[in-house]
Amino acid sequence: MLTPDELLTTTRAVRKRLDFDRPVPREVLEECIAVALQAPSASNSQPWSFVVVTDAERKAAIAEWYVKSYDAYADARLAAGELDPQTERMASSARYLADRFHEVPAMVIPCVQGRLEKRPADGQAAGWGSIVQAGWSFCLAARARGLGTCWTTLHLTYEREVAEILGIPYADVTQSCLLTTGYFTGETFKPAPRGDISGLIHWDRW
């Protein structure tokens with residue numbers, strides 16, 4: 001059983017270590033979503049819903065749009081000369097996931113009611129603040145159950161097209177991300193290297 005600190009510091013993005021061959025039972029996904037629903041939301045509005053995609057045809061259709069968006073993103077980074085070793089490792093991992101995107105056991109899309117881009121700034125912050133916390137809670141719940149997730153957003157370039165595939169009412173619902181979800185292979189995860197907090201905290205003023 002993971003302690004809270006272990007859970008929070010070892011929930012990593014899983015790409016190459018995702019088990020593409022092992023299905024995730026529906027009841028396990030439902031447990032994770034039930035945990036996500038306990039997340040805080042603006043004015044306790046709970047403006048969320050979750051689309052879970054396990055159907056092979058729909059996953060393949062979504063993957064086509066994801067790969068199209070990923071290719072444009074990767075080309076832009078290459079043109080910008082972002083080729084340091086850390087970036088190359090990330091690019092290799094991201095390319096691997098893109099190539100096998102249609103094979104991920106489950107795609108989970110946390111959605112928020114309304115078109116957030118049409119709201120004033122405070123309304124957008126409230127909407128994103130609500131759905132992002134629910135999505136992250138899903139990732140933590142999945143990690144606690146031996147699942148790996150990866151928070152992806154590239155499909156949002158073609159959000160309307162993906163909405164059509166899934167029957168999401170685009171005019172009334174905003175997709176926040178797509179969480180690839182499945183069991184992971186290999187050993188467990190360790191905390192990632194991060195900066196010294198002393199350079200990141202500003203006490204009382206900047």
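Which elements each supply at least two residues of the lining of the largest pocket? In this predicted model, they are α4 (85–99), α5 (121–144) and β3 (147–152). Helix α4 gives the most, with four residues.

I'll stay with that pocket for a moment. The largest pocket holds about 760 Å³ of space. Its lining has 23 residues, and those nearest the centre are Arg12, Ala13, Arg15, Met90 and Ala192. Sorted by class, the lining of the largest pocket has 11 nonpolar, five polar and seven charged residues.

Now the second largest pocket. The volume here is about 390 Å³. Twenty residues line the second largest pocket, with Tyr70, Tyr73, Arg77, Ala91 and Ala94 nearest its centre. Two or more lining residues come from each of α3 (56–79), α4 and β3. The lining of the second largest pocket splits into 13 nonpolar, three polar and four charged residues.

Next, salt bridges. The structure has seven of them. I'll start with arginine 115, which pairs with glutamate 117 at 3.1 Å, N to O. Arginine 115 also forms a salt bridge with glutamate 159, where the closest N and O atoms are 2.9 Å apart.

As for burial, arginine 115 is buried at 7% relative accessibility, and glutamate 159 is buried at 9%. Glutamate 117 is partly exposed, at 46%.

Another bridge joins arginine 100 and glutamate 103, with the closest N and O atoms 2.9 Å apart. Both ends are partly exposed: arginine 100 at 23% relative accessibility, glutamate 103 at 27%. There is also a network, in which Asp71, Arg95 and Asp99 are joined by salt bridges that share partners.

Cysteine 111 is in no disulfide either, and the nearest cysteine sulfur, that of cysteine 177, lies 8.8 Å away. Are cysteine 32 and cysteine 111 buried or exposed? Cysteine 32 is buried, with a relative accessible area of 0%, and cysteine 111 is buried at 1%.

Terms used
Residues numbered from 1 in each chain as written. Predicted model: local features only at pLDDT ≥ 70, side-chain atom pairs only at ≥ 80, totals over all residues. Heavy atoms only, no water. Buried < 20%, exposed > 50% of the residue type's maximum accessible area, 1.4 Å probe, protein only. Disulfide = S-S within 2.5 Å. 1 Å grid on protein atoms, 1.4 Å probe; cavity = no way out; pocket = protein on both sides within 12 Å on 5 of 7 lines; lining within 4 Å. Points joined across faces, edges and corners; volume = space filled by probe spheres on them. Nonpolar A, V, L, I, M, F, W, Y, C, P; charged D, E, K, R; others polar. Salt bridge = Lys/Arg side-chain N within 4 Å of Asp/Glu carboxyl O.
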